[in-house]
Amino acid sequence: MERKHERLATPWAAGVAGVVFAVLMAAAIVLMRIALPGGAGGDEVTADAGQRSAVRTALALLPFAGIAFLWFMGALREQTGEAEDRFFSTVFLGSGLVFVAALFGAAAAAGTVLDESQQHPAFGRHFAYALLTTYAMRMAAVFIITTSTIGRRSGVLPRPLVALGYLAGLALLVVGANVPWSELVFPAWALLLGLNILRGRRPARSRSAPST
C-alpha cells in the first residue's frame, strides 16, 4: 500500500518540480539579460553595482533551478514506469544532465563579472552567453523533443502539449542565440507541462485518502 501511495504522489512531485524550475530559471534568465544586455556580441562594458547585484541574485537562483530540474527529470521518468523505452530514456537523461552541466558552467562564467579587478570583464559575459544560449539551450531542445516523444508514445501527455513541445524544441534547436530572450521558451514549456500534470493529477491525494 505504501508503494502504491508513493507512485500516486510521483506525478504531483513532477508537476511541482516543473513549476519551481520554470519560475527559478525564468527569473535567473531575466536578471541575467537585464544585468548583462550586451550578449555575446556586445561591446565590452564594466558591470556597475546594480548589474553585479542582479547577477549575484541570478547566480543564487540557478543552483536551486538545477536541483528542481533534476527532480523534475526523475519524477517524469517514474511516470513512464515499465513502458520506458531505453533509447529515448538514454537521450532524455543525457540531454537533461548535459543541460544542467552547461547551465552551471554558464553560471560560473557569469560570476566573473563580479570580479572588479578583472582586466577583461567582457570575457565572462561572452562565455556565459555562449554556454547558455548555444549549448544549454540546444540540450534543452533535445530534452523537450525527447520528453514530448515519450509522452506521445506512452499517452501521458495530451496531443496539443506534445505538438507545442515539438515546436518549442525545434525553435530552440534552430533559432538558438539568434533571437534574444529565446531561452525563455524552455522554462515556459516546463511551466505548461508542470501545470498540466498538476491539473490532471491533483485528485490523486483525495483518491488515496479512503484507503488509509
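Colleague: Why does arginine 33 count as buried?

Modeller: In this predicted model, local features need pLDDT of at least 70, side-chain atom pairs count only at pLDDT 80 or more, and totals for chains, interfaces and linings use all residues. Residues are numbered from 1 along each chain as its sequence is written, and side-chain values use heavy atoms, with hydrogens and water left out. Buried means under 20% relative accessible area, exposed over 50%, and partly exposed in between (1.4 Å probe, protein chains only). Arginine 33 has 13% relative accessibility, so arginine 33 counts as buried.

Colleague: What makes the contact of glutamate 183 and arginine 33 a salt bridge?

Modeller: The term requires a side-chain nitrogen of Lys or Arg within 4 Å of a carboxyl oxygen of Asp or Glu. Here the N to O distance is 2.6 Å. Glutamate 183 lies in the loop between helix 5 (159-174) and helix 6 (185-201) and arginine 33 in helix 1 (residues 2-35), so the pair ties together parts 150 residues apart in sequence. Helices (H or I, at least four residues) and strands (E, at least two) are DSSP runs, numbered from the N terminus.

Colleague: Why is the pair of phenylalanine 21 and phenylalanine 99 called edge-to-face?

Modeller: Rings of Phe, Tyr and Trp (its six-membered ring) pair if their centres lie within 6.5 Å; planes under 30 degrees apart count as stacked, over 60 as edge-to-face and the rest as tilted. The centres of these two rings are 6.3 Å apart and the planes stand at 80°, so the pair is edge-to-face. Both phenylalanine 21 and phenylalanine 99 are buried.
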